[in-house]
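Subject: Handover of a structure and the findings made in it

Dear colleague,

Please find below the structure that I am handing over to you.

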Amino acid sequence: MKTRIHRRTLLKGLLGGAAISIGLPPLECFINANGTAYAGGGSSFPKRFGVFFWGNGVLPARWNPTSEGTDYALSPQLMPLSALKSDLTVISASRVLTTNSSPHLSGPTGLFTGDAIVGGTVTRPSIDQVLAAEIGGETRFRSLEIGVQRSENSYSYSGPNQVNPPETSPRAFFNRLFGEGFRMPGEMTAVDPRVRLRRSVLDAVGAQASDLRNRLGAADRIRLEQHLEGVRGLERQIARLEENPPNLAACRRPDAPPEAFADLEGRPQMSAISRAMSDLMAMALACDQSRVFFNMYSQSVNNTLFPGAPAGHHQLTHDEPGEQPMVDAIVRLIMSDLAYFLTALRNVREGDGNLLQHSIVLCTTDCSYGRSHSIDDYPLIIAGSGGGALATGRHIAARGENACKVSLSILRAMGVRAPEFGVGAGRTTDGLSALSP
Amino acid sequence: MHATYASRWSLALAPLFAVACSDATPPAATPDAGVAQPPATVTYSPPEPVLRRLTRGQYVNAIHDLLGDDLLVTRPMEPDVPLGGSVSVGAASTSISRRGVEQYEALSYDIAEQLLRTEARRARAVGCTPTGTADAACAESFLRATGRRLWRRPLTDAELSALVTLAGNAATTLNDFHRGLEYALAAMLQSPHFLFRAELAEPASGSGTARFSPYSLASRLAFFLWNSPPDDALLTAAAEGRLDSEEGLRAEVERMLASPRLTRGLRAFVTEWLGLQLLDGVSKDPMVFTSFSADVPAAAREETLSLAEHLAITRDADFREIVTTRETFVNRRLASIYNVRAPSQTRADGFGLVTLPADSPRRGLLGHVSVLALAAHPVSTSPTLRGKFIRESLLCNEVPMPPVNVNTALPEPSASLRTMRERLIQHQADPTCRSCHLLLDPVGLALEHFNGIGAWRPDDRGARIDPSGNLDGVSYRDALGLTQTIHDSPSFPRCVTTRLYRFAYGRHETDGEVAEVGRLTQDFAYGGYRLRRLMSSIATSAAFRRADGVAGRQP
Amino acid sequence: MKLLRMKTLRHALLAALLAASSGCSDDSGVDPFAGPAPAQCPATSIEQSMILTRLVLLRQPMPGVSEGFDLDGRVSGADDNLSCRRRDLTSPEGTPGIDNQFSLLVPALDTATSGALDAAIQAAINNGQLMVAVTVEGVDDRLNDPCVSLVFRRVQGRPFVGSDTRIDPGQTFDTLRDEPVSRVTGRMRNGVIEAGPFPLGLPIAVLDARFVIQLQNARVRIRWRADGTFEGLIGGGIEAAQMIATTQTLTIGADLMGLVRRLILSITDLDPDADGNCRSFSAAVSFEGRSAFVNP
């Protein structure tokens, strides 16, 4: 139970329709003995989970480190992450065991949902949504889906064919997180009657359609319920406007990013957009706006024109001859953008540690070798340890192991009592033992 | 799910030459030229009805048609989720994400505020003058009428009274009657009753089957033909039971086909059929394609939609002409890419009808920037992607996924391998690649004179282009021959029928529906391949009214 | 740029004159390409228009070398009074007798505009202030045609400019009303059209000024490249007085004006008056063009 003082008690009498912002110093009762924790009664920081995903694979020969253990040497494509080495676990040689029927799509579907593509789409919730269902109720947003490449697609699925589209505009992401409705700890606003009215509307909407539900088939009932749950979730989200925001020392309202990031000479500004998104996501997590995220950096099969590349990314993975130096350059550029993202998390101090240490970030792609669409030897990095729940700072060669073991390890590390993960060929009841701390 | 390799609805790998191409001579274009009239009905087993979410286009049309076409719907909205390349099919299986709920909430207040912003607008929208801050009678009259439109059926007493109460509470809190109405209106717009359309079944009298309830049928008709909700007249026809009879249904369908809103339904279908929404994200390297500026994708989309509208509605012509016609719509930008004189007569948006010269190498859809640029790479053409488009979108041939764990690399251009044709020979030599690439590459190679943005080029950087080939045994010398071959293939009209069926029904045809699609195809031919007539055939068919016979889901 | 040698043309001209003067009267021996083009060409349905996408004031890559035309039919040395003792130039291919005294002035203009001259002209072309269209009419054969017509028109509109900073090909333009149209006939050999002499008004942009230079006895050479683009030269005589008057409309200050006036008068090499003072100077510009449609 959280000890939160309702502002109604404090600000009774300030009704009138106008919202007033008063800056107050953080009240002592929100800070515990550590001087940083927020959740009354809890002394540790919450665990966060997220995915960083890029499309079109890697070059296995330059991706897989040759040595194992804690003292391994980074491979050429992992070099951009060298400053974060002690916070990373690289897992090589595992395999996604679900059918590789759809190039680029089968691998992530198998890893994130534990199942194959059925009926042309993803049919089970992805791991981020499994976790959001468990821990998403604690925060203003159940989960946050972003991307860098402009697209409306993601591997974050709440149910069959129920994708959670990513926000790919930094400004729009900023507005959603830090626009109207965001308050810094200690910032007080008067109860705005319009908030209550919005809640009553959502309440009414959420109660509608009960008779409709009875007239639908099972699958449709679930879809309708998804929507109504979303409506109820929004109501809870708005209700938090009338509560105190979590008081985390590292939380700051960031500056608004540029309105737009125009293409430069016909090429999207992937790195610039990624950096803006990274800064915003780090602060969103620091302010405990959510504890689950999915960062769809680039899409499967994307043909993005990266800087200096003579053709689109996907076309290059198939058409560039030989050792594919251009593809290599693109992978290394993506890894440096990943390094920035993880560093932004690491720079958020939380108690004696930092946000990255308290998180588990699964960094992966949609196949190993883009040219062949193989989902063996699946590229996997886990950044952070979930507050020590996973071993970190090493290279694990999980020879031939089911990649879903990694997914299961992550679920358990996040505190979910999960007896298994996946179905059919992907099913596993064990995590990856080498990940145990 | 978006992918260059479109997700398959059924992943059964098609046998090598499972391309549907019968040996029968193509049916003639006119009904009285010896084409057999199709049977009136065939055995039909409908699957369960589904809940269908409003697409973006349908949401916008609903606001404009039901509340006022001067309302701006500019805020971000939940994206459409295609399934198997079809937005309609996706809308019948997806839900609404958390972010989507937020977006619809913001939209609902924005629209409600616009509708009731000024005295003039209030007078027009509300239709009664409130006696005070809380005037339940006036609120009720507005909410009853508006609710019927937005939810596409009359509100129940309980629903209406809940909304009136909501409006009253809000009006009291804000001390403003109309501000209070905004909240009730917002509640209607956020409701699943607005955002989803339920297709509800009831027993069909005397036949032992089930049919769609009148209001569900009205929605099916309107969203199919107009991509928009039913208008007041259609709702009244449903209320009065006129949709229950053949004559009553036909009369309404005729009225709807004559309405200018028919163009919206047609455009939504063509956009979905040809994947034109992907033009928003098309990217071309400006170093390679110097004239592909930012306004080209939208212009290209408008060109294809305008041509389809021109053939299907304005001229009501043989729709197969869409692959062979020399007519198209261009603005100055497209005219310059096509190297033709810009039209002297243009619409307000700068587009005008042109007829390409007789010696033009361009014909129909396969000469449009939209198709040619989408089925290509940022830096070059792609005969494979173009062949895939023709196979999947024009002929409805199943194209299997590429096999995994094989080396898919093309050889680099070199002195001995200069053209796409020469480099792709590799695909046809390798046994693991050959089966699919023989289906795709030769067909796409016919279009090699059109570069990666659809502009004509005499050669490929100096190397001669050979556009000849054959499609399932029929040889052609160039792109013109290819378009004629597609036009003459029975697979083409069958594919158009199939895609229109999926658009109308919001799903892929099941086994129990295959015979019906066949019947409609025959009817399409019998009617001279006129698309407008096909839309009418679908809308008035017995199958369109049939629902799954599952009882037990009655109120 | 590989163009037909002026020498070959003059040989052909001489041969034609010889043939004419030898009194042959039967038609079978007449070379249709001999002599000047007829005043009017048989009409055909084939025509091709182009829009100028680039206009370059020619400079001397080496002293005494410049592209251009032999406008007065003489190879003038420093002692030639009819050219007011202005020495002719030699083309990069070695052809003597080239009349392009203006090429001496261009470096001074570069200095005066701080090197922004070319960019200013290109900007004016790209934003539609300096659009010249040339239509080739009466074409029977794309490579060789003894009689084609060239029509020079100014057109209007805001052109589409591609990512290569040149006007996109294939655009349609409307003719600018109330602007003079220049016509001339010419011959096409191996895809190269030669036409003139004829009077031609050439729009020019310098700094913020836009004006039209009247060329006397203008010559044109246009080559139709395999990729569908065009390149060529325009040359002719410019009256010194006109040039000085035009320059005076620019705000460049009295000192600079005096210098410019002296420079212009120092390069006159054409059209001597009764006192033997040349009244005009020779000039040449090169250009590139792309296909276009012109609405009359």
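At what angle do helix α12 and helix α13 of chain B pack, and how far apart are their axes? Before the answer, please note how to read the names and values. This is a predicted model, in which local features need pLDDT of at least 70 and side-chain atom pairs count only at pLDDT 80 or more, while totals for chains, interfaces and linings use all residues. Residues are numbered from 1 along each chain as its sequence is written, and chains are lettered from A and ligands numbered from 1 in the order in which they are written.

Helices of chain B

Helix α12 (residues 262-274) and helix α13 (residues 296-314) of chain B pack at an angle of about 125°, with their axes 10 Å apart. This makes α12(B) oblique to α13(B); angles under 35 degrees count as roughly parallel, over 145 as roughly antiparallel, 65 to 115 as roughly perpendicular and the rest as oblique. Helices (H or I, at least four residues) and strands (E, at least two) are DSSP runs, numbered from the N terminus. Axes are lines fitted to C-alpha atoms, for helices over the stretch in contact, and angles run from 0 to 180 degrees between N-to-C directions.

The residues of α12(B) that meet α13(B) include L262(B), L266(B) and V270(B), and their counterparts in α13(B) include L305(B), A308(B) and A312(B). Contact here requires C-beta atoms, placed from the backbone, to lie within 7 Å. By class, this contact of α12(B) with α13(B) has eight nonpolar, three polar and two charged residues. In this scheme Ala, Val, Leu, Ile, Met, Phe, Trp, Tyr, Cys and Pro count as nonpolar, Asp, Glu, Lys and Arg as charged, and the others, Gly among them, as polar.

A second pair in chain B is formed by helix α9 (residues 214-225) and helix α10 (residues 232-239), which pack at an angle of about 150° with axes 8 Å apart. Their contact involves P214(B), Y215(B), L217(B), A218(B), L221(B) and A222(B) of α9(B), together with L234(B), L235(B) and A238(B) of α10(B). These residues divide into nine nonpolar, no polar and no charged.

Sheets

Chain A holds an open sheet of seven strands in the order β4-β8-β2-β11-β12-β3-β13, with mixed pairing; two strands pair if DSSP finds at least two bridges between them. At its edges are β4 (144-147) and β13 (394-397) of chain A, each pairing on one side only. From one strand to the next, the twist averages 15°. Within this chain, β2 (residues 48-53) and β11 (residues 359-364) pair in the parallel sense over six bridges, and F52(A) has C363(A) of β11(A) as its bridge partner. Helix α4 (residues 127-135) of chain A packs on the sheet, where it touches β2 and β8 (292-296) of chain A.

In chain B, three strands form an open antiparallel sheet in the order β3-β4-β9. Because β3 (201-203) and β9 (546-547) of chain B each have a single partner strand, one side of each is left without a neighbour in the sheet. Two bridges join β4 (residues 210-212) of chain B to β9(B), and R211(B) has R546(B) as its bridge partner.

Contact between the chains

The contact takes 64 residues from chain A and 62 residues from chain B. On the side of chain A that touches chain B, α8(A) gives the most, with ten residues.

Yours sincerely

How values were computed
Contact = placed C-beta atoms within 7 Å.
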